[in-house]
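Work through the exercises below with the model open. Try each task before reading its solution.

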Amino acid sequence: MLYVPAGRWLTAPFNLTSHFTLFLHADAVILGTQDVTQWPVIDPLPSYGRGRDHAGGRYASLVSGSNLTDVVITGNNGTIDGQGATWWSKYKSGKLKYTRGYLIELMHTDGVFISNVTLVNSPAWNIHPVYSRNIVVSGVTILAPTKSPNTDGINPDSCSQVRIEDCYVVSGDDCVAIKSGWDEYGIAVGMPSEHIVVRRLTCVSPTSAVIALGSEMSGGIRDVRAEDITAIGTESAVRIKTAVGRGAYVRDVYARRMRLDGMKRVFWMTGDYKSHPDDGYDKTAVPVVENISYQDVVATGVWKEAARMQGIQGAPFKGICMANVTAEMTKERKVSWNCADVEGVSAGVTPAPCAPLQGTHAGSCPFPTDTLAVDQIAVQQCSYSITIPATTSVAGTE
């Protein structure tokens, strides 16, 4: 275990190792250096083919690791601060040659436990497990200005058996975004994100979603379970983003018990997201979106529309189920649902949904009753007894 004591500790990006705990004292602050030259440039992810911001490589993340087993990042709510303002400014002014790094990225790792830490001002995404499994993110606070670019909260990417619970996210982008690769690169890697549970999440994100699926989903996304979700002043609840060229599928997505206030819209699906890494994508790779369920949703202060649900012509989004859903609009609108190329059923939905979703059902939508393997994970943390003399320097200081 590496114990980070109280104080402000400036560092360049660093790597973790297997069977390892990074523990932060309540008054510890790890600060990412603002010297861009201290951030190594690494290869793009195979399932993306390039960086997200630019073609070519990307900057390393502040806390990284690859091909690891059993990694714990925890503490007494100490802080990891990416000092992202420098990065946001350079990104907006086009002064970066490579894609910004993330705050935490763990690749090809089995067994990740992140809890009881506060993450602030990441250069871009905050937590990015990729090509990994058996991941728990619990009791984490993530904070960024709501106008900061692409500061997603928690982004499992081509990962399986993921549990996200009891987290609070204020973000300039999606609070949780589930991904699995970008167009032809994601199709070639073919590694889905699956068996993911998100529960007791609170989100504030005026320009993005509580939970997004995609838009990079070319390895497939399936079996996502979201429950007991709270959102305040957020653009949309569960948003599905895809496009022709992505291929693969988003299927078996279940959401229930959502309380939403001050939303731009409640439901949002689009099959025309358009963003592509390059012109090499397969224009015949049409994604499948099916079996999407929403139940027990109460939204107040909805100021734009109840839903915008637009599938793909010739490949409609199918199997949409809604039950016991109320969207309270701030003002009466002639059209509160905007729908095209979707098919589904509904019961107890106010205002009444668009015609393609007015098929009837028994009054409830499916939600899995089995227990995921990730819910059985028990984490063993290191025990420690440590005395640090006041004159001892344990890490570099700012």
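The exercises cover the cysteines and then a pocket.

This is a predicted model, in which local features need pLDDT of at least 70, side-chain atom pairs count only at pLDDT 80 or more, and totals for chains, interfaces and linings use all residues. Residues are numbered from 1 along each chain as its sequence is written, and side-chain values use heavy atoms, without hydrogens and water.

**Exercise 1.** Find the disulfides (pairs of cysteine sulfur atoms within 2.5 Å).

Solution. 
- Count them: the structure holds three disulfides.
- Cys175 bonds to Cys203, S to S 2.0 Å. The link is right-handed, with 75 degrees about the S-S bond.
- Cys321 pairs with Cys365, the sulfur atoms 2.1 Å apart. This link is left-handed, at -90 degrees about the S-S bond.
- Cys339 is joined to Cys354, S to S 2.0 Å. The torsion is about -80 degrees, so this disulfide is left-handed.
- Number the bonded cysteines in sequence order: the pairing reads 1-2, 3-6, 4-5.

**Exercise 2.** Describe the lining of the largest pocket.

Solution. 
- Count the lining: 25 residues.
- Locate the centre: Arg52, Trp125, Asn150, Asp173 and Glu216 lie nearest.
- Sort by class: six nonpolar, seven polar and twelve charged residues.

Note on methods
On a 1 Å grid over the protein atoms alone, a cavity is a set of points where a 1.4 Å probe fits but cannot get out, and a pocket is an open set with protein on both sides within 12 Å along at least five of seven lines; lining residues have an atom within 4 Å of a point. Ala, Val, Leu, Ile, Met, Phe, Trp, Tyr, Cys and Pro count as nonpolar, Asp, Glu, Lys and Arg as charged, and the others, Gly among them, as polar.
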